[in-house]
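Visitor: I would like to learn how to read a structure like this one, feature by feature. Where do we start?

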Amino acid sequence: MTIASAQDLCLQLISSAFQRCRTSEDLCRLSVLLKRSPPSDPRSVQISVSDTGVGSCAEDFGGLKLRREAFGAQIWDGLLFVTTTSIGDDQIHHYQFNLKESASGRRLTRLSSNPKNGLQFSGTEVCLSISESIDVLLAAFSCFFRKILILKIPNVSIELVVEQGDAPGSRYVNLFLSNEGRNPLPFAASNLERLKSGVEDYVFKHRNTSGKKCESCFSSGEHLKIGSGTVCCTESRRYPGSVMEAVIVISEMSEVASTCPRTCSSKTEVLYFKDFTPCRIPQSTLKALTSIDWKSYGLSFGSVVDQGGFALVEWENLPPSITIPSAGRKTRPDQNLIKKAIKLALNDLKDNYAGVLLSAHAVKVRSYAPDLAKTISSLILSSNDADFREECCSFLGLQSQGVGGEVVEDCIREKIIAVVEMHDREPQRSKEMPTFLFEDDHMQELGSQDGEYEGEGAFGSMDIC
């Protein structure tokens, strides 16, 4: 693996430690310590990344490669010091890696091991020193951990410690817990359930920068709508057994003006996780985002810009008061899998929330519903045939005696809108089988005898093309 900078190397070491914890069957701790070196070298920072996960081996670090600029300006001497042991080991192993060495045979130096004296434990600690601002490192590591929290992996707690001297108050400790959101999940929850809950908390907390849900923007959970999709690939030769999980959250802001200084925009933040680790979004994902038929969801795609740790999608016509603040996805970068998973998440939103992400055509047709309902209502109520009026009201589920025109009109309008929205959620439905607006038990009986009917009576129908 080729890494561009010493800071990127630190993030890779943290990611590897997180994977060792995640794959462990026990509760684990991941600790990152930043310590200021002696005053003689004020910019030098000692970094320790330790975990109590499954343990590692020398080969885990042998494949690390850094570009030449990573060693420029005396930022780093290229040395890694590794201490590690696994449950089955009877020794604690010590290694020194010199990543400046191009020859693999000279990169690794095995140091003296220590006996475990019959104790059973596992863990790894990696130490290095780089010339960098502690504030810069602290910001980068905190951002990385906030993204890891989205996954809500239940068996890992993360500790970030900064020591800037021996004076009181010079020690900073931040503890990141995966299950401290609004609705703690059971330990046996699936990865997708955790991802959905994590993305929701990420939005509530404004990218996890707030300690708790922002009550100014989200007085209740009703303003958030969430959809998800999962695609498993069994046919791809390149990515056999790959799984793509996509989660999309839509925020419908309250009509009451928010007092929160954070303002929403017409941009969507897209996060990407590969093998449970936040990382740069690959080109395959960016291409998948541009190739989706967004107009069928009432959106007009503008552009997508890679921001390094995430991407920003800008829309040309994001519906008023609606933002899509975050989308998460997880597994290998296969463009078709990504596209399918995102579409499943979008369709899930449409299925679960009436009137959300309707296509532009459906919105246009729905706008005719009030006039159409008024016309049909007038035809019913102006008829001199009492039996006809009674039968029509029966189809509508209303009492014929004393019913007002507004009641009939509202009922018809709601049924028309419901059909429009249902048809838009199922665009592949056969046009030879129009959706009926009103149900009738008598027609259901006929439908059970004749395959021409779908078991729904027809007072009026709309075939939306």
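Visitor: How many helices and strands does the secondary structure of the protein chain come to?

Guide: This is a predicted model. Its protein chain comes to 11 helices and 19 strands. Of the 465 residues in the chain, 45% are buried. The chain exposes about 24200 Å², and carbon and sulfur atoms supply 49% of that area. Among contacts with a separation of 6 or more, 66% are between residues 24 or more positions apart.

Visitor: Now the sheet. In what order do the strands of the open sheet stand?

Guide: The general idea comes before the case. Strands of a sheet pair through backbone hydrogen bonds, either parallel or antiparallel. In this structure, an open sheet of 8 strands has the order β7-β6-β5-β8-β3-β2-β9-β10, and its pairing is mixed. β7 and β10 (171–177) each have a single partner strand, so one side of each is left without a neighbour in the sheet. From one strand to the next, the twist averages 15°.

Visitor: In which sense do β5 and β6 pair, parallel or antiparallel?

Guide: Strand β5 (residues 79–85) pairs with strand β6 (residues 91–98) in the antiparallel sense, over 6 bridges.

Visitor: Which residue in β7 stands opposite I92?

Guide: That residue is N114. β6 and strand β7 (residues 108–115) pair over 6 bridges, again in the antiparallel sense.

Visitor: How many bridges join β3 to β8?

Guide: There are 8 bridges between strand β3 (residues 44–51) and strand β8 (residues 123–131), and the two run antiparallel. Here S50 stands opposite E125 in β8.

Visitor: What does S48 touch, leaving out residues up to four places away in sequence?

Guide: S48 touches S31, V32, L33, E125, V126 and C127. With E125 there is also a polar contact between side chains, at 2.7 Å.

Visitor: Next, helix packing. At what angle do α1 and α3 pack?

Guide: Two packed helices are described by the angle between their axes and the distance between the axes. For helix α1 (residues 6–22) and helix α3 (residues 134–148), the angle is about 35° and the axes are 11 Å apart. The crossing of α1 past α3 is right-handed.

Visitor: Which residues meet where α1 packs on α3?

Guide: On the α1 side they are Q7, C10, L11, I14, S15 and F18. On the α3 side they are V136, L137, A140, F141, F144, F145 and I148.

Conventions
Residues are numbered from 1 along each chain as its sequence is written. This is a predicted model: local features need pLDDT of at least 70, side-chain atom pairs count only at pLDDT 80 or more; totals for chains, interfaces and linings use all residues. Side-chain values use heavy atoms; hydrogens and water are left out. Two strands pair if DSSP finds at least two bridges between them. Helices (H or I, at least four residues) and strands (E, at least two) are DSSP runs, numbered from the N terminus. Axes are lines fitted to C-alpha atoms, for helices over the stretch in contact, and angles run from 0 to 180 degrees between N-to-C directions. A polar contact is a pair of N or O atoms within 3.5 Å; within protein, one must be able to donate a hydrogen and the other to accept it, and residues adjacent in sequence count only if both atoms are side-chain atoms. Contact means heavy atoms within 4.5 Å. Buried means under 20% relative accessible area, exposed over 50%, partly exposed in between (1.4 Å probe, protein chains only). Accessible areas come from the Shrake-Rupley method with a 1.4 Å probe; for residues, only the protein chains shown count as cover. A crossing is left-handed if the near helix is turned anticlockwise from the far one by less than a right angle, and right-handed if clockwise.
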